[in-house]
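Subject: Structure handover and notes

Dear colleague,

I am passing on to you the structure we spoke about, with the sequence alongside.

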Amino acid sequence: MSKYQESFETKGQFFLLRNAEENDAQKMFEFMRHVDSETTFLAREPGEFEASFSLESEAALLKSWSAGEDKLFLVAETKSGEIAATCGCTRNIGRRRTRHLAEIAISVRQDFWRMGLGRRLFQIQFDWCRQKEIEKLCLTVDTENLRALGLYLSLGFVVEGTLKQQAKMPDGSYRDLYTMGKFFR
Ligand SMILES: CC(C)(COP(=O)(O)OP(=O)(O)OC[C@H]1O[C@@H](n2cnc3c(N)ncnc32)[C@H](O)[C@@H]1OP(=O)(O)O)[C@@H](O)C(=O)NCCC(=O)NCCS
């Protein structure tokens, strides 16, 4: 697919919003280490990312995403070259009945929250969805993740249902998730 690139200025800081590339693999490890230890609202425990990927396999994955037509994986890069946020949107491929669907996921590093990065990355993904004639965008979110819920509701997502005890935490407690959808037609 053609490459996306945008300079984004917010609250006196500059970010480059762009497709992730093969040579971002090392930076992705650093980003994942950060975000997985900052929040319990992502799907992984700290250390799980590093345990399931090598630098080589991560680089291969980023390369295939960047070359493919069915996924847009964006990063927000700081002026000093660190990754501040990632946002991936994946089209449902395979069966014809579900090709109108896509899934989206986002993480922003805590020191860059509330700067509008989440909102801007979603807006870029919405444009991509429209271009790909995707009709419905889906996500899941912890029912206690009020920050993310506020963002998603303000962007036109609706709560479609609750997945009970969908995540089990290390202390044995459970988390419920909302499934949310945004309809483009
Ligand atoms: C949720 C997350 C993606 C938001 O990203 P962000 O870049 O901080 O979001 P933005 O600055 O673009 O937008 C913030 C919007 O969210 C909402 N929001 C922010 N904080 C909020 C809060 N405490 N309560 C309610 N709504 C809140 C508001 O609508 C706000 O919009 P506004 O400031 O323009 O009025 C980010 O906090 C994050 O990555 N958190 C950790 C990982 C995570 O939870 N990922 C989502 C998993 S489903």
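Predicted model: local features only at pLDDT ≥ 70, side-chain atom pairs only at ≥ 80, totals over all residues.

**The ligand site**

There are 23 residues around the ligand, and of these V108, R114, G116, R119 and N145 come nearest. Where does this shell come from in the fold? At least two of its residues are supplied by each of β5 (101-108), α4 (117-131), β6 (136-142) and α5 (146-154), and the largest share, seven residues, is that of α5.

A nitrogen atom of the ligand lies 3.1 Å from a backbone N or O atom of I106, and a polar side-chain atom of R147 is found 3.3 Å from a nitrogen atom of the ligand. In the case of W113, an N or O atom of the side chain is 3.3 Å from an oxygen atom of the ligand. On its own the ligand has 950 Å² of accessible area, and the protein covers 78% of this.

R114 sits in the loop between β5 and α4, and its phi is near 60°, a positive value in a residue other than glycine. Is R114 buried or exposed? With a relative accessible area of 72%, R114 is exposed; please note that only the protein chains count as cover in that value.

D36 counts as buried because its relative accessibility is 2%, which is under the 20% cut-off. Its side chain is joined to that of R44 by a polar contact of 2.7 Å. Leaving aside residues up to four places away in sequence, D36 touches L42, R44, E45, P46 and F49.

Helix α3 comprises residues 55-67, and its 13 residues reach 18 Å from the first C-alpha to the last, close to the 18 Å expected. Which residues of α3 are buried? They are E58, A59, L62 and S66. Seen down the axis of α3, they fall within an arc of 100°, so here too the buried residues line one face of the helix. On the other side of α3, E56 and A67 are exposed. The buried residues of α3 pack against α1 (25-38), α2 (48-52) and β3 (71-78).

**Single residues elsewhere**

K182 lies in strand β8, residues 174-183, and with a relative accessibility of 12% this lysine counts as buried. The side chain of K182 reaches the backbone oxygen of L155 at 3.0 Å. Although K182 and F157 are 25 residues apart along the chain, their C-alpha atoms are separated by 4.4 Å. Not counting residues up to four places away in sequence, K182 touches F126, E135, K136, L137, L155, G156 and F157.

G81 and D70 give another pair to look at: they are eleven residues apart in sequence, and from C-alpha to C-alpha they are 26 Å apart in space. G81 is in the loop between β3 and β4 (83-91), and at 19% relative accessibility it counts as buried, the cut-off being 20%.

K11, finally, is in the loop between β1 (5-10) and β2 (13-19). K11 has a positive phi of about 45° although it is not a glycine, and at 65% relative accessibility this residue counts as exposed.

With best regards

Terms used:
Residues numbered from 1 in each chain as written. Heavy atoms only, no water. Helix = DSSP H or I, 4+ residues; strand = E, 2+ residues; numbered from the N terminus. Expected span 1.5 Å × (residues − 1). Buried < 20%, exposed > 50% of the residue type's maximum accessible area, 1.4 Å probe, protein only. Arc of directions from axis to C-beta. Contact = heavy atoms within 4.5 Å. Near = heavy atom within 4 Å. Polar contact = N/O pair within 3.5 Å; in protein donor to acceptor, adjacent residues only side chain to side chain. Areas by Shrake-Rupley, 256 points an atom, 1.4 Å probe, with all protein chains shown as cover.
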